[in-house]
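Please look over the model below before reading on. The text then goes through it from the whole chain to single residues.

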Amino acid sequence: MGPRLWELHGDGRTVTPGAVVRPEERLSWGRTAGIGMQHVVAMFGATFLVPVLTGFPPATTILFSGVGTLLFLVITRNRVPSYLGSSFAFIAPVIAAKADGGIPAALGGIFVCGLLFFAIGVVVDRTSSRFIEWLMPPAVTGTIVALIGLNLAPVAKDNFGQQPLIAFITLAAILLIGIAFKGFIGRLSVFLGVVVGYVVAAVTGEVDFDAVGDADWVGLPDFTGPSFNLRAIALIAPVVIVLIAENTGHVKAVAAMTERNLDDSLGKAYMGDGAATALAGLGGGSGTTTYAENIGVMAATKVYSTAAYVIAGVTAILLGLVPKFGALIITIPLGVLGGATTVLYGMIAVLGARIWIEARVDFRDPVNLVTAAVALIVGAANYTLTWGDLEFNGIALGAFGAIIIYRVLRAIGGVPGTPQAVGADAIASPASGAAPAAAEQTPVAPETGPGPGRAADAGSGTGVEARPPAVDPPANGNRRPGPTDRPPRAP
């Protein structure tokens, strides 16, 4: 990549219509700082909510999320733009583990979980991601990404309902700024919309500044070391399965947005998140995962520069060391967060659908259809399974369900059509001119594709040019199948 980590994108001030700022590129540092701050705003509410629910110190958690993000970028070699925030998958097992050993015992379980995840990442990185691709082809990964966004929808709804007027003003500001301003200001629509909502809330007396006045300007957060308790480890270590599903789905979403194949970075992403989680366990922070909220920000801004995540990571570290500013951020009203997350969570769900489109997943194949149908409902309705002290929520059950349903039904019914290689071409770059291969999908019946120009998924904010699907010549040489024609039966 040369002596510089990031090449300047164009003139550094604007993004060419239809183009994106790629991971190895950046805008001017001022604009990159603005995008980075928007990432901080996006992750802040959820990252602070986990320690509040589990009894961990929030300032410590935010500091380790920043350190973990920088570590993740180093391990993934700046190829995977992601922010590592507090994982909700740890909430139930951590609360259960604290009953027998307190926070130190829970931290020991988080540390071991991180080491296990790192070890899995090493194996995947040293061998191949082909097994992961076999286990979670596009029909499954698209479902996992979509159900993550849908599962988070009730959180946005609850926050929205706390202060409907403030939430509506925030949401309207985000939408109007994103549409009315086409340049850099438009790309900061989420951040600026949050500012508008916050100012309105402050003027109307909805913000309590007492905690800000009492907080110090500079200070270290509370650090706590782990202790190792077999029961706590047994409770928390299985969370690694959820982290694998979340990370895989998020990496696939990033790959779809950046129009790159990131399969060879999947193991490194596991390693990065594992290392960040283990480090948090050593010092008193919550376990981490790649964050859906920040993927939503990238979808809205079309800026996938890892430089913005460096800014976000450094900012999070500073917030952990400046209690007064951290206290100010905590005062963001729930209504403001509700308005912002209504946009961001919806974009995550749409990105799942984009993975299906890019891979040309055929939903006339009943295996693909029922896999997505069941998992989406389980995730959206947040089905919950309690097994002793363990509790699995809709994301975990939906992800597991998608994997198990797909593989079991494929084993029973076989692979329809001609099997295709799994892995390397699951998501291909349009620049290569090659259509992405759909892993283990039924061949798509000939049909008229969309016309040239913008893809219909403009709501995702990705601005990817649409390509008509490959169409085989009609069997009779002069007729295309009509909308009422039956699709060919699978052998």
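Predicted model: local features only at pLDDT ≥ 70, side-chain atom pairs only at ≥ 80, totals over all residues.

Residues are numbered from 1 along each chain as its sequence is written, and side-chain values use heavy atoms, with hydrogens and water left out.

The protein chain has 19 helices and six strands; helices (H or I, at least four residues) and strands (E, at least two) are DSSP runs, numbered from the N terminus. Of its 491 residues, 54% count as buried. Buried means under 20% relative accessible area, exposed means over 50%, and partly exposed lies in between, with a 1.4 Å probe and protein chains only. Contact means heavy atoms within 4.5 Å. Among contacts between residues at least 6 apart in sequence, 79% join residues at least 24 apart.

Next come the cores. A nonpolar core is a set of buried Ala, Val, Leu, Ile, Met, Phe, Trp, Tyr and Cys residues joined through side-chain atoms within 4.5 Å. The largest one holds 103 residues, and those touching the most other members are Met43, Phe44, Phe90, Ile148, Ile236, Met257 and Ile295. Not counting residues up to four places away in sequence, Ile236 touches Phe90, Pro93, Val94, Ala97, Ala106, Gly109, Ile110 and Cys113. A second, separate core has seven residues, including Val15, Val21, Leu27 and Ile35.

Now to helix packing. Two packed helices are described by the angle between their axes and the distance between the axes. Here axes are lines fitted to C-alpha atoms, for helices over the stretch in contact, and angles run from 0 to 180 degrees between N-to-C directions. Angles under 35 degrees count as roughly parallel, over 145 as roughly antiparallel, 65 to 115 as roughly perpendicular, and the rest as oblique.

Helix α18 (residues 366-380) packs against helix α19 (residues 394-413) at an angle of about 165 degrees, with the axes 8 Å apart. The two helices are therefore roughly antiparallel to each other. Their crossing is right-handed; a crossing is left-handed if the near helix is turned anticlockwise from the far one by less than a right angle, and right-handed if clockwise. On the α18 side the contact is made by Val367, Asn368, Val370, Thr371, Val374, Ala375, Val378 and Gly379, and on the α19 side by Gly394, Leu397, Gly398, Ala402, Ile405, Tyr406, Leu409 and Arg410. By class, these residues are ten nonpolar, five polar and one charged. Ala, Val, Leu, Ile, Met, Phe, Trp, Tyr, Cys and Pro count as nonpolar, Asp, Glu, Lys and Arg as charged, and the others, Gly among them, as polar.

Helix α12 (residues 239-258) takes part in two further pairs. Its axis comes within 9 Å of that of α17, and the two cross at roughly 70 degrees, which makes α12 roughly perpendicular to α17. In this pair Lys252, Ala253, Ala256 and Met257 of α12 meet Leu351, Arg354 and Ile355 of α17. This contact has five nonpolar, no polar and two charged residues. Met257 is also among the residues that touch the most other members of the largest nonpolar core.

With helix α13 (residues 266-283), α12 packs at an angle of about 130 degrees, the axes being 10 Å apart. That makes α12 oblique to α13, and the crossing is right-handed. Ile244, Asn247, Thr248 and Val251 of α12 meet Leu266, Ala269, Tyr270 and Asp273 of α13.

Some single residues remain. Gln163 lies in the loop between α6 (138-162) and α7 (164-180), and is buried, with a relative accessible area of 15%. Leaving aside neighbours within four places in sequence, Gln163 is in contact with Glu206, Pro333, Leu334, Gly335 and Val336. Gln163 and Gly339 are 176 residues apart in sequence and 9.5 Å apart in space, C-alpha to C-alpha.

Most residues other than glycine have a negative phi. Arg77, in the loop between α2 (58-75) and β3 (84-86), has a positive phi of about 60 degrees and is exposed, with a relative accessible area of 62%. Arg360, in the loop between α17 (334-359) and α18, has a positive phi of about 55 degrees and is partly exposed at 29%.
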